[in-house]
Amino acid sequence: MAAGSSNYWEDLRKQARQLENELDLKLVSFSKLCTSYSSTRDGRRDRYSSDTTPLLNGSNQDRMFETMAVEIEQLLGKLTGINDKMAEYTNSAGVPSLNAALMHTLQRHRDILQDYTHEFHKTKANFLAIRERENLLGSVRKDIESYKSGSGVNNRRTELFLKEHEHLRNSDRLIEETISIAMATKENMTSQRGMLKSIQSKMNTLANRFPAVNSLIQRINLRKRRDSLILGGVIGICTILLLLYAFH
C-alpha cells in the first residue's frame, strides 16, 4: 500500500516537472514573441516609406500570440490540477514523518506555478499594451498621411475660406459699431426732447399760474407801440414844419 502511494506521488512529481519544463520553454518563446513584436513595429516605423517588409507582419504575430497564450493557459491549468492532486495526497498520507518533506516539495511546486503564472500575465499585459499603443500610433500616422495628401489641394480652398471668414467678421464689427452710434444718437435726441418738453411744461405752468403778469406784459407792449407811433408822428410833423420854414 505504501509502495503504491509512493509510486503515485512520484508519478505526480514527474508530471509536475514535465509541465514546468514545457511552461518554461513556452514562456521563453512567449517573451521573445513580445520582444520581437515591439522591435518589428519599430523597424516598420523606421522603414515606413521603403519597399521592404518584415518576415512576420503584425497579423501573424497577433495570431501566434493568441495561440501561445491559449497553450500556456492550458498548461497552467494542468499544472494547477497536478498541484491540487499533490495537496490531496499530502493530506491523506499515512506516514506523518514524511509529511514535512512532502509539504516542502508541494510548496516548491506551488511557488514555481505562482512564478510562471505571474510571468505569463505580466508578459501578456506588456504585449497588449504595446499592441494597443502601436495601433493608436498607426491610426495617427494614417490620419497624418491622409491630411498631408489632401492638404495640397485643400490649402487654397482653406485660405479662401479663412479670408472670407475674416471679411465677414470685419463686416459684423462695422455693423455693430454703426448700430451703437445710432443707438447713442437716439438716446441723445430722446433726452433733448425730454428737456424741451420739460421747459415748455414749466413755461405753461408759469403762464397759467400768473395770468395777471401776462396781461400786464401785453399792456406794456401795447403802450410801447402807441408811444412809438406818437413819437414818430411828432417827429414827422416837426420835420415838415422845418422844411416849410426853410424854403420860405
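Rings of Phe, Tyr and Trp, the last taken by its six-membered ring, form a pair if their centres lie within 6.5 Å. The views below show close-ups of a predicted model.

**View 1. Four phenylalanines form one aromatic cluster.** The members of this cluster are Phe30, Phe65, Phe120 and Phe127. Within the cluster, attention falls here on Phe30 and Phe120. Phe30 counts as buried, at 0% relative accessibility, and Phe120 likewise counts as buried, at 1%. The ring centres of Phe30 and Phe120 are 5.7 Å apart and their planes meet at 40°, so the pair is tilted. Because Phe30 belongs to helix H1 and Phe120 to helix H3, the pair ties together parts that are 90 residues apart in sequence.

**View 2. Trp9 and Tyr89 form a stacked pair.** Five aromatic pairs are found in a search of the whole structure. In the pair of Trp9 and Tyr89, the rings are stacked, with 5.3 Å from centre to centre and 25° between the planes. This pair links distant parts of the chain, since Trp9 is in helix H1 and Tyr89 is in helix H2, 80 residues apart. Trp9 is buried at 5% relative accessibility, and Tyr89 is buried with a relative accessible area of 14%.

View 3. Apart from residues up to four places away in sequence, Ile72 touches Leu23, Lys26, Leu27, Phe30 and Phe120.

View 4. Thr105 lies in helix H3, which spans residues 96-209.

**View 5. Glu10 is a partly exposed residue of helix H1.** Glu10 is found in helix H1 and has a relative accessible area of 37%, which makes this residue partly exposed. Glu10 and Met86 are 76 residues apart in sequence, and their C-alpha atoms are 9.9 Å apart in space.

**View 6. Residues 229-247 carry a UniProt annotation.** The unreviewed UniProt entry annotates residues 229-247 as "transmembrane region". In the model, this span is 100% helix and 0% strand, and its end C-alpha atoms lie 27 Å apart.

How values were computed. Residues numbered from 1 in each chain as written. Predicted model: local features only at pLDDT ≥ 70, side-chain atom pairs only at ≥ 80, totals over all residues. Heavy atoms only, no water. UniProt positions renumbered as here; feature names shortened; annotations may be inferred. Helix = DSSP H or I, 4+ residues; strand = E, 2+ residues; numbered from the N terminus. Contact = heavy atoms within 4.5 Å. Buried < 20%, exposed > 50% of the residue type's maximum accessible area, 1.4 Å probe, protein only. Phe/Tyr/Trp six-rings, centres within 6.5 Å; stacked < 30°, edge-to-face > 60°.
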